[in-house]
Amino acid sequence: MNCQEVIKFRSVVKRVSRMVRSAAVLLVAAASLTAAVPGDAQASSGAAVPPKQPWSFLGVFGQFDQAALKRGAQVAVQSCLTCHSIKYIKFDQLRQLGFSELEVKAMAEGTGRTKKDPLTSSMDPTAAKESFGVVPPDLSLITKARKGYEDYVYGILVGYASDSDLALANRVMADGKIGAEEAKEVASALLLDGHYPDKMAETLKRMIGGENFNRYFPGNFFAMPQPLMDGAVAYTDGTENSKVQLARDVVTFLAWAAEPTQMERKSLGIKVILYLVVLTIMLYAVKRRIWAKVH
Ligand code: HEC
């Protein structure tokens, strides 16, 4: 190449790199636009967006808290399995969480099954449909199947109306109408939209009537009665068994159930990336050596 050709070549490279850069900017802009749409949809469905929780297992270097997994399995078996199945997991697989063979056998037999059986529900689907109007969904993949993922599942487990929420609803509705101050109070306690007092009154009436109100379920009412209360499951490792703790543990377990091999996947991913980085450095060194004498 002579000097002029080199200059020409450089300007072509510059032009191409500018084009690539603007294409990348366009792609990023398009991606952020499409990402914004479902968020808006959730907001307009009337339910609050569940707050993010500090899950230890998220992220490239995330790890499951083994003790939480064991406690969560216990909550799932003793509470959720009454109505739901977690059919892609077998009792025997719970040994991967650190349960002994005897413990797994006892857990399976406690629900009338053997250790080779999957975690099916104790309730027959037809009976469930009769009592609830819907068949409770299988929970094997639930943390991946809902917008909000783990935060959403945790949110609905702790998002029910408490006694004080009910007391507030009764007080506000005592005179049959909602004043501006009351609307604000209800909006902040129950995370409802304060701009529509009529809709709010309707929600409070249904809540007082005993329907299952939940802050984070889209539409606020659904067929699942509150499954977890303080002390609902007895823990053996000394951890406080508050409702919030039970919910945190069972969601950790459900995240594991949705992908039992995710820790292996992540550690393999990190090894592959490290390998590629080392390989790139070596190939670069080789390239410099081979071309060292060419001007
Ligand atoms: C008394 C029966 C019962 C128990 C116990 C129960 N559930 Fe449910 N659950 C239901 C029913 C019924 C539905 C369907 C609700 C609907 O779609 O209206 C449901 C739905 C759900 C959903 C899906 C919500 C959605 O977005 O569609 C999740 C998640 C869930 N349950 C988690 C749990 C967990 C975790 C436990 C254990 C801690 C549990 N449930 C215990 C009856 C139950």
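A residue counts as buried if 20 or more other C-beta atoms lie within 10 Å of its own, as exposed if 12 or fewer do, and as partly exposed in between, with C-beta atoms placed from the backbone. The model shown is predicted, so local features need pLDDT of at least 70 and side-chain atom pairs count only at pLDDT 80 or more, while totals for chains, interfaces and linings use all residues. Residues are numbered from 1 along each chain as its sequence is written.

View 1. Let us begin with the backbone. Tyr-149 is not a glycine, yet has a positive phi of about 50°. Tyr-149 lies in helix α6; helices (H or I, at least four residues) and strands (E, at least two) are DSSP runs, numbered from the N terminus. Tyr-149 is partly exposed, because 19 other C-beta atoms lie within 10 Å. Asn-220, also not a glycine, has a positive phi of about 70°. Asn-220 sits in the loop between α9 (197-208) and α10, and is buried, with 24 other C-beta atoms within 10 Å.

**View 2. The shell around the ligand.** The ligand is surrounded by 23 residues, and the closest are Cys-80, Cys-83, Ala-223, Met-224 and Pro-227. A residue is near a molecule if its C-beta atom, placed from the backbone, lies within 6 Å of it. Helix α6 (residues 149-158) gives the largest share of this shell, three residues. By class, the shell holds 19 nonpolar, three polar and one charged residue; Ala, Val, Leu, Ile, Met, Phe, Trp, Tyr, Cys and Pro count as nonpolar, Asp, Glu, Lys and Arg as charged, and the others, Gly among them, as polar.

**View 3. Helix α6 against helix α10.** The axes of α6 and helix α10 (residues 243-258) are 9 Å apart, at an angle of about 150°. Axes are lines fitted to C-alpha atoms, for helices over the stretch in contact, and angles run from 0 to 180 degrees between N-to-C directions. Glu-150, Val-153, Tyr-154, Leu-157 and Val-158 of α6 meet a set of α10 residues that includes Lys-243, Val-244 and Ala-247; two residues are in contact if their C-beta atoms, placed from the backbone, lie within 7 Å. This contact of α6 with α10 has nine nonpolar, no polar and three charged residues.

**View 4. Helix α2 across helix α10.** Helix α2 (residues 66-78) and α10 cross at roughly 95°, and their axes come within 7 Å. α2 is therefore roughly perpendicular to α10 (angles under 35 degrees count as roughly parallel, over 145 as roughly antiparallel, 65 to 115 as roughly perpendicular and the rest as oblique). Among the residues making the contact are Gly-72 and Ala-73 of α2 and Phe-253 and Trp-256 of α10. The contact of α2 with α10 divides into nine nonpolar, two polar and two charged residues.

**View 5. The pair α7 and α8.** Helix α7 (residues 163-173) and helix α8 (residues 180-190) cross at roughly 160°, with axes that come within 11 Å. The two helices, α7 and α8, are therefore roughly antiparallel to each other. Asp-165, Leu-168 and Val-172 of α7 meet Glu-182, Glu-185, Val-186, Ala-189 and Leu-190 of α8. Five nonpolar, no polar and three charged residues form the contact of α7 with α8.

**View 6. Glu-101 in helix α3.** Glu-101 is found in helix α3 (residues 101-110). Glu-101 is exposed, because 10 other C-beta atoms lie within 10 Å. From C-alpha to C-alpha, Glu-101 and Lys-115 are 8.7 Å apart in space and 14 residues apart in sequence.
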